[in-house]
Each structure stands twice: as C-alpha cells, then as structure tokens.
Amino acid sequence: MEDQNNLVIVHIGAGNHSLLKNEKYKRLIKGALLVDESESVLPEVSKKLEKSVLTNTGYGSSLNLVGAVQCDASFISYDRQHNDTHVGVMYNIAKKYPITETLKCFEQLNRLYSTGFKSFGLSRPLMFDHGQKPLLDELTNTKEKVDTNTLISPRSQKIYDTYKDTLVGDYNQPPNDIYCIRNEIQDTIGIMHIDSRTTEIATSSGGNFFKFPGRIGCAGVLGAAIGHRTKNGISASCMCSGNGEDIIMMNAASRIADHIVNNSSADYCDELVDIIQQASIDVPLTAVDKYNNTVIYMGAICVIHDLNSGSKRLVYCHSTESFYFGFRSHNNKPELILSRLDSDRVGQVFARGEFKI
C-alpha cells in the first residue's frame with residue numbers, strides 16, 4: 001500500500017550554477033524526484049544525482065590536489081514510531097555512488113556490531129574511512145564486484161590539467177580565464193525522504209577543486225550539511241550547502257534544526273536567515289567575495305513537520321548566486337525551484353522562500 005505522506009526533496013547545491021545548463025538541471029532534478037517510491041528512496045535518488053556530470057559528487061566530482069576524486073557522505077535516519085535515530089558518516093570515498101556506498105557500508109557495520117563485537121561492549125562507529133572497506137568486506141564475508149568505472153570526467157580532468165601548475169606556482173593573482181572554477185560552482189547535494197514513519201536525510205560531495213588530500217567537508221561532518229531534531233510534536237529536518245568550512249564551524253544544519261523545534265515562529269523564512277546570520281557572528285568565516293571581503297556563502301532548506309496535524313512547511317534561503325532544488329509529495333507533480341540572487345548581492349543578502357506541502 002502506498003504511503004500518502006511520502007515527501008521527497010533533493011537539492012544539487014548552493015553555489016553558482018550555469019544559466020546555460022538550466023534545462024539540464026531541471027531534467028536532472030525532475031528525474032531524481034520521479035523515482036519509484038516502492039524502492040528504497042535514498043539509494044535510488046542518489047544514483048540519479050551522483051552519476052550525473054552536473055553534480056559535484058561521484059562521477060564528475062572536483063579533483064583534489066593530486067588529481068583524484070575523494071568524496072564525503074553522511075546520513076540520518078529517524079524512526080518516529082520508536083523514537084530511534086541512526087546516523088553514519090563516511091569519507092575518502094572513491095565510488096560512483098557515495099551515498100549508496102555509505103548506506104551499504106553501514107549495513108555491513110550494523111551486522112558486524114550485532115554479533116561478536118557487541119558481546120565485547122564495542123559500539124558501532126559513527127564515522128568510517130572508506131579506505132578500510134577491504135577489511136570490512138573480509139570481516140563480513142562480503143564479496144563485492146570491483147567498480148572499474150572511472151570517476152573522473154573529461155571536464156574535471158581538463159580543469160585540473162589547466163590550472164594545477166598555476167595553483168602551486170608563485171602567483172599573486174589567478175589567471176583571468178579561471179571562470180570554470182570560480183564562476184560555475186556545484187556544491188554538496190542533499191536528499192530528504194519523509195513518510196508516515198521515518199525521516200531520512202543524506203548528503204554527499206566531492207569537495208573543492210584542488211582541495212588538500214584528506215580534507216573532509218561539511219558532508220562528512222555530523223550536524224553540518226544535514227541535521228534533524230524532534231521535540232514537542234515538531235520535527236525539523238535541515239540540509240545545508242555552500243562553503244564547507246563555514247558550515248562546519250557553524251554546525252549549521254543541527255543549529256538550525258535545534259532552534260526551529262525550540263522556537264515557534266510565524267515566519268520561518270526570516271527565522272532561518274536570522275539563525276544563519278547569528279551563527280556567522282559566532283565563528284570566524286572563511287568565505288570571501290570578489291573584493292576579498294568576508295561573507296556568508298551558503299544555502300539551507302528546512303522542513304518543519306507538525307507531527308500532530310501532519311502539515312509540513314518547507315523554507316529555504318541562500319546567499320550564493322544560486323540554489324537549485326525540487327520536491328514532490330505523494331502523487332503530485334515535481335516542483336522545481338531554480339532560485340537565483342543578483343550577483344552584486346552575493347554573500348551580503350539572502351534570497352528566501354516558503355512552501356506549504
């Protein structure tokens with residue numbers, strides 16, 4: 001029987017999406033929202049997003065300083081019936097589908113820690129280095145087919161080859177043609193699925209171009225890119241994207257969710273912006289604009305779910321050039337939102353909006 005309360009939300013990053021690719025972005029988001037709801041939603045949606053060269057995760061990810069793909073991912077699963085939360089974080093992922101890979105690895109860890117490990121009083125890890133996957137496979141007797149598909153897209157390789165020498169050279173100013181790195185930014189992706197029983201949220205990212213190997217972004221830190229809280233009959237679920245270091249320092253997604261469940265508001269849009277602006281005062285920001293001024297560079301989506309009435313409100317804001325996302329409730333057509341901000345106001349003000357679902 002189909003769940004009448006199904007809600008799926010996806011975003012493909014707060015950043016600077018190319019206007020020339022808007023139709024491709026629309027098709028990507030719509031395709032991700034039209035997955036078969038009888039299947040496991042997070043893996044199916046993640047495969048749609050992560051295999052696309054349009055997103056900065058999985059295939060087509062930004063390359064790190066040594067020219068390799070290194071993704072981070074995390075998930076939250078909350079069972080309202082049993083008031084039970086499961087979370088997991090994985091980093092150093094070199095797979096086509098980082099979210100699906102993370103979910104699969106934590107299923108293996110759950111099995112491992114439900115047997116002998118549990119009898120020794122050992123707790124399942126919350127964070128896991130994907131580089132240790134061969135050992136996990138051996139301990140859980142998992143035979144996995146090796147994924148021989150390259151994760152490096154021709155575009156990513158071209159950017160790496162073009163700018164690597166400039167990056168590590170003795171230059172005070174970047175070349176004028178650095179458009180493809182600075183002026184087209186796709187950041188952390190996010191997926192949320194809410195039904196009558198559970199709330200699931202997942203995120204993944206390839207991180208910054210030329211990031212230092214080993215750098216872990218906001219998708220690999222609990223409470224940064226995704227957060228969830230339930231209290232007093234209100235459930236708040238949040239996804240953030242943008243400058244990873246600032247989002248981590250703010251503990252942005254958890255901070256937003258915490259504030260929402262503890263403070264009812266007539267205007268959650270303004271409340272969302274206020275929370276971020278206050279958080280930015282509390283931490284040293286690292287993002288800068290074209291004039292080298294420190295700015296807030298991020299976007300956020302929050303779903304406020306009244307567990308008593310069943311009503312849901314989606315609020316969003318962003319101070320980046322763009323924030324592209326969409327949502328679909330049961331049997332309804334996908335809603336696509338390609339929100340943009342005037343380039344002269346990036347980092348200084350927030351575009352915002354609200355939907356009743």
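1. The lining of the second largest pocket divides into six nonpolar, five polar and four charged residues, where Ala, Val, Leu, Ile, Met, Phe, Trp, Tyr, Cys and Pro count as nonpolar, Asp, Glu, Lys and Arg as charged, and the others, Gly among them, as polar. The model is a predicted one, in which local features need pLDDT of at least 70 and side-chain atom pairs count only at pLDDT 80 or more, while totals for chains, interfaces and linings use all residues. Residues are numbered from 1 along each chain as its sequence is written, and side-chain values use heavy atoms, with hydrogens and water left out.

2. The second largest pocket holds about 260 Å³ of space, and of the 15 residues that line it, Pro 43, Phe 75, Leu 103, Lys 104 and Glu 107 lie nearest its centre. Two or more lining residues come from each of α2 (41-50), β2 and α3 (98-112), with α3 giving the most, six residues. (A pocket is an open set of points on a 1 Å grid over the protein atoms alone, where a 1.4 Å probe fits, with protein on both sides within 12 Å along at least five of seven lines; lining residues have an atom within 4 Å of a point. Grid points are joined across faces, edges and corners, and the volume is the space filled by probe spheres set on them. Helices, H or I of at least four residues, and strands, E of at least two, are DSSP runs numbered from the N terminus.)

3. The whole structure contains nine salt bridges, each a side-chain nitrogen of Lys or Arg within 4 Å of a carboxyl oxygen of Asp or Glu. One of them joins Asp 79 and Arg 197 at 3.0 Å, N to O, and this pair links strand β2 (residues 71-79) with the loop between β5 (189-194) and β6 (198-205), 118 residues apart. Asp 79 is buried at 14% relative accessibility, whereas Arg 197, at 38%, is partly exposed (buried means under 20% relative accessible area, exposed over 50%, partly exposed in between, with a 1.4 Å probe and protein chains only).

4. Arg 215 and Glu 245 also meet in a salt bridge, at 3.0 Å from N to O, with Arg 215 in the loop between β6 and β7 (226-231) and Glu 245 in helix α8 (residues 244-250), 30 residues apart. Arg 215 is buried at 15%, while Glu 245 is partly exposed at 29%.

5. In the salt bridge between Arg 352 and Asp 270, the closest N and O atoms are 2.6 Å apart. Because Arg 352 lies in strand β13 (residues 351-356) and Asp 270 in helix α10 (residues 268-282), the pair ties together parts that are 82 residues apart in sequence. Arg 352 is partly exposed at 37%, and Asp 270 is partly exposed at 32%.
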